[in-house]
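Keep the 3D view open as you read.

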Amino acid sequence: MGDSRKITVTVKKTTDLKIGAKDKCGVSVYDVLFSNVHCFDLGEVTFKNNYTAFLSMKVKLRDGNNKDSSWQTCIRNYQLMPNPHCETGSQDYFTITRKHMLFEPDRVSAVRLVLQQPSPVWNQFTVDDVCLIPHNIKEEASVSSVTTWLLEHQETTESKLTRANRQGGPPVDEITAGLQHLWALTERMKGEQTNTSLGRYDVDGSYEINLLSYT
């Protein structure tokens, strides 16, 4: 977790809700406290699962008057384990980005995680190594500009090929056929290479003195 952009957080359990005849814990609520910022635009959440089946996330947003909103559900019942009764996904690492969220969480001032485990198989469940990473608009703009450049370059290349064909240039299929023929000749020459060593100075198994004298 060497990302310098991540928010320094402390995860604190606030509530356990008991369900079932055996008084098993079915829901746990954790507050994610951050100390190095007051509010930020949340880009993604990363964590390691520890037998949690579903995760929801609530956030408080701060307005222009520095007043916090009520809790708003940003992620609802995100599935971490395909089957809560089985091990699959129980200890995997997860990254939840903005595309998985119900809205763009800008100016986040508080984060709360709601963890659910309906299976009675697991006595305890949580999430570990929680990291909050701010949204970086500059990175997205950079990726977008590169993508745009590639698309424009592709269109320019295609238009040049089309124009060359119209002006009487060789068709692409003819160029491809020629390259395939050249490849076939190369493979044929490789197959016909002799394994016999060709000496520089030997003639009929003996050395030629006149050739040696000029070296």
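Let's start with Val111. Setting aside neighbours within four places in sequence, Val111 is in contact with Tyr30, Asp31, Val32, Phe34, Met57, Lys58, Val59, Trp71 and Leu132. Keep in mind that this is a predicted model.

Val111 also turns up in the largest nonpolar core, which has 29 residues. Leu42, Phe47, Met57, Val111, Leu113 and Leu132 are the members that touch the most others. Which elements give two or more residues to this core? They are strand 2 (24-34), strand 3, strand 4 (54-61), strand 5 (72-79), strand 6, strand 7 and strand 8.

Now for the aromatics. The structure holds three aromatic pairs, and two of them are set out here:

| Pair | Ring centres | Plane angle | Type |
|---|---|---|---|
| Phe34 and Phe40 | 5.2 Å apart | 85 degrees | edge-to-face |
| Phe47 and Phe94 | 5.7 Å apart | 20 degrees | stacked |

Why does the Phe47 and Phe94 pair count as stacked? Its ring planes are at 20 degrees, and planes under 30 degrees apart fall in that class. This pair links distant parts of the chain: Phe47 sits in strand 3 (residues 42-50) and Phe94 in strand 6, 47 residues apart.

Strand 3 and strand 8 pair in the antiparallel sense over seven bridges. For a landmark on strand 8, look for Asp128, the bridge partner of Lys48.

Is Lys99 buried or exposed? Lys99 counts as exposed, because its relative accessibility is 71% and the cut-off is over 50%. You'll find Lys99 in the loop between strand 6 (93-97) and strand 7 (108-116). Lys99 and Glu44 are 55 residues apart in sequence, and their C-alpha atoms are 9.3 Å apart in space.

Conventions: Residues are numbered from 1 along each chain as its sequence is written. This is a predicted model: local features need pLDDT of at least 70, side-chain atom pairs count only at pLDDT 80 or more; totals for chains, interfaces and linings use all residues. Side-chain values use heavy atoms; hydrogens and water are left out. Helices (H or I, at least four residues) and strands (E, at least two) are DSSP runs, numbered from the N terminus. Buried means under 20% relative accessible area, exposed over 50%, partly exposed in between (1.4 Å probe, protein chains only). Rings of Phe, Tyr and Trp (its six-membered ring) pair if their centres lie within 6.5 Å; planes under 30 degrees apart count as stacked, over 60 as edge-to-face and the rest as tilted. Two strands pair if DSSP finds at least two bridges between them. A nonpolar core is a set of buried Ala, Val, Leu, Ile, Met, Phe, Trp, Tyr and Cys residues joined through side-chain atoms within 4.5 Å. Contact means heavy atoms within 4.5 Å.
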